[in-house]
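Please look through the sequence and the model below before reading on.

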Amino acid sequence: MSDPANSGVPILRLGDVLVTGLLDELDDKAAMAFTEELTQRIVADRATGVLIDISRLELVDSFVARILMELATTTRLLGARVIVAGMRPAVAITLVELGLGLPGVATAVNAEQGMAVLGWQRHPGSQAAGREAAHAPWR
Amino acid sequence: MRPGDDPSPGLVAVEDHHPQTAAVEDHHPQAAATRLGPTHSGQAAETAGGSASRHPIRSEEHLLTARHAVRAATLDVGFTLVDQTRVVTAASELVRNAYIHGGGGTLTIEVVRRADVRGLRLTVTDHGPGISDLDAAFTDGYTTGPGLGHGLGGARRLMDDFRIHTAEGHGTTVVATRWTTPP
């Protein structure tokens, strides 16, 4: 975790969306490294959307809130959008009391909803459409 | 970064909060500290529950270990999930403040009892430069460091009792308690 260039957080690409998630164990340095990595990947992969799953986060303090807000802004400047998905209810309550409503950060109740907002669609029943759908699940 | 490194006060949003003065008394922080927040009549009946643990705040890693220790303590005391999250989040803010602004310090976690109610008391002490302008430090959006400026005021809102004891050049001690049922 001391390597500033590597946060150790996986960033997956699904079409033009990057999918990633945060863990409680992320320390401050790793969080900053993650921000850098993610923004570089947005450009390198020409991503139009980023899904950040935070369902594993047991707390979001002002430091993590700042990371999320800056990521949302940076990503927007790069022409992509971030959806933060899966915030725990207790975390949401605490964040509001902390005075942090995460302005400018788009959210979704879970990763699946977040992907839908980013234009990624499930096609139930389209399995029959076969190979074509499997090759082009994106729109 | 320490207060004073950055002469610009940053964004100052005015919030209704209790004005206070900085108390100077290093060895009896609780007696000398200025009370913030509501005063409780049952204060005198508070007793420590016996278990207190001390955790150093000297590295980034300590921010995590301190948080884990507080989480474990909230489970022992029997807080609800939301209260656990409140207390651990407040601890995270206070410990990070001590690390970033105070150059490191100590977190003490105590189980306390008042009548039949159990609570958790966090005492975060640093020997940094102290806070010269407490009013500003409690104002949401005010920061001299890399954060959002919600740490101190936010931590106070997340806890039931919150006392701060600081003096320029003499460090800062925060004593914050949350009870398992609201006072």
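**Confidence, a helix and a contact**

Chain A as a whole averages a pLDDT of 85, with 84% of the residues scoring at least 70. This is a predicted model, in which local features need pLDDT of at least 70 and side-chain atom pairs count only at pLDDT 80 or more, while totals for chains, interfaces and linings use all residues. Residues are numbered from 1 along each chain as its sequence is written, and chains are lettered from A and ligands numbered from 1 in the order in which they are written.

Helices here are DSSP runs (H or I, at least four residues), numbered from the N terminus. In helix H3 (residues 89–98) of chain A, the buried residues are A:Val91, A:Thr94, A:Leu95 and A:Leu98, where buried means that 20 or more other C-beta atoms, placed from the backbone, lie within 10 Å of a residue's own, and exposed means 12 or fewer. Seen down the axis of H3(A), these buried residues fall within an arc of 105°, so they line one face of the helix, the arc being that of the directions from the helix axis to the C-beta atoms. The face turned away from them carries the exposed residues A:Pro89 and A:Val96.

The buried residues of H3(A) pack against helix H2 (62–77) of chain A together with H3 and H5 of chain B. The contact between the chains takes 19 residues from chain A and 22 residues from chain B, and on the side of chain B the largest share, nine residues, comes from H3(B).

Definitions and conventions
Contact = placed C-beta atoms within 7 Å. Helix = DSSP H or I, 4+ residues; strand = E, 2+ residues; numbered from the N terminus. pLDDT = per-residue confidence, 0-100.
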